[in-house]
Amino acid sequence: MWETMTSAWNSALLTPLHEPVTLAIPAFVLFLALEWFAARHLEDAAVDPDGRSRPVRGGYERRDARASVSMGAVSILTTTFWKVLALIGYSAIWVYLAPWHLPADAWYTWVILILGVDVLFYTYHRMSHRIRLIWATHQAHHSSEYFNFSTALRQKWNNSAEILMWIPLPLIGIPPWMVFIGFSVNLVYQFFVHTERIDKLPRPVEFVFNTPSHHRVHHGCDPEYLDRNYAGILIVWDRMFGTFQPETHRPTYGLTKPVGTYNIWKLQTHEYAAIGRDWRRASSWRDKLGYVFGPPGWTPSGAREADQEVDRAVAVHGHETQ
């Protein structure tokens, strides 16, 4: 087991040249700069038919972008902590529980890895939008009202749920170090779908892969776009499991209840605080559990749907419906 941990540590956690995200950082910076330049010099502010001004396509707001990049920098540290814990658990699972060990130099092991990571990411991502406790971690990524490459860096600080979601991979014999590599490849791919500079790609690509058009839908708080397009690399999972929604108009980005701050600590923790407040005021254990494990917006009275519709109307139109 200790040999397995050492191998995983050297292959995926310690040596920067083996970490796809580290290798991709120069590309991240380059594409972020190019997108910022294009939005600044090629686009004018958009105005909706109702007269409401909206950010330019791919536009940047300095405080918003700074918050996104800062959250990404902190996430590197917190993610490393969780990966170290996962390394211990994955190594034990791979050594003592896996019925066989897949060879790292076989092409089919890499295919299984990439597909396995992707379908597990889809599962986790869907859960994170339907279970409030996990949503409290994930919502920070959706908190920006801009959609650009800096938004891709607005990462959560607690990825413990993802760590648990990857357990089937070492259990089926994939070496632990490959699990980390596979998820990093998935993460690098997802950076490039956070942009408005690319319209729709050729239809075969749009049918199979997650694209900027598909992911713009996912970040929209418009009623028809909520809880859609959870894909990492392959959009086929959404098509197979009934969560696909094509882009029909430019989304309104952000949360249905905007946080209204650029403070990165509040952006990361405000939903946990809200869960705590709801927990304390709940009158029964059923209600307490509902506030924690129910979907975002759950209430004991069953008024969630009505409340959510008001929130969505505010987000989309800027005022409450009568």
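A cavity is a set of grid points where a 1.4 Å probe fits but cannot get out.

Figure 1. The structure shown is a predicted model. A search of the whole structure turns up one cavity of 30 Å³ or more. The volume of this largest cavity is about 30 Å³. Helix H4 (107-130) and helix H7 (160-165) are the elements that each give two or more residues to its lining.

**Figure 2. The residues that line the largest cavity.** The lining consists of Val117, Leu120, Phe121, Tyr124, Glu162, Met165, Trp166 and Phe183. H4 contributes the most to this lining, with four residues. By type, the lining has seven nonpolar residues, no polar ones and one charged residue.

**Figure 3. The protein chain as a whole, for orientation.** The protein chain contains 15 helices and two strands. Of its 322 residues, 48% are buried. The accessible surface of the chain is about 16000 Å², and carbon and sulfur atoms account for 65% of that area. Among contacts between residues at least 6 apart in sequence, 72% link residues at least 24 apart.

**Figure 4. The largest nonpolar core.** This core holds 19 residues, and those with the most contacts inside it are Tyr90, Trp166, Leu169, Ile174, Val179 and Phe180. Two or more residues come from each of helix H3 (62-96), H4, H7 and helix H9 (176-191). H4 supplies the largest share, five residues.

**Figure 5. Surroundings of Ile174.** Apart from neighbours within four places in sequence, Ile174 is in contact with Trp94, Leu102, Ile112, Leu113, Leu169 and Val179.

Figure 6. A separate core is made up of eight residues. Its members include Ala24, Ala65, Ala152 and Val188.

**Figure 7. Val236 and its contacts.** Val236 belongs to helix H12, which covers residues 236-241. With residues up to four places away in sequence left out, Val236 touches Phe207 and Val208. Val208 and Val236 are 28 residues apart along the chain, and their C-alpha atoms are separated by 5.5 Å.

Notes
Residues are numbered from 1 along each chain as its sequence is written. This is a predicted model: local features need pLDDT of at least 70, side-chain atom pairs count only at pLDDT 80 or more; totals for chains, interfaces and linings use all residues. Side-chain values use heavy atoms; hydrogens and water are left out. Buried means under 20% relative accessible area, exposed over 50%, partly exposed in between (1.4 Å probe, protein chains only). Contact means heavy atoms within 4.5 Å. Accessible areas come from the Shrake-Rupley method with a 1.4 Å probe; for residues, only the protein chains shown count as cover. On a 1 Å grid over the protein atoms alone, a cavity is a set of points where a 1.4 Å probe fits but cannot get out, and a pocket is an open set with protein on both sides within 12 Å along at least five of seven lines; lining residues have an atom within 4 Å of a point. Grid points are joined across faces, edges and corners, and a volume is the space filled by probe spheres set on the points. Ala, Val, Leu, Ile, Met, Phe, Trp, Tyr, Cys and Pro count as nonpolar, Asp, Glu, Lys and Arg as charged, and the others, Gly among them, as polar. A nonpolar core is a set of buried Ala, Val, Leu, Ile, Met, Phe, Trp, Tyr and Cys residues joined through side-chain atoms within 4.5 Å.
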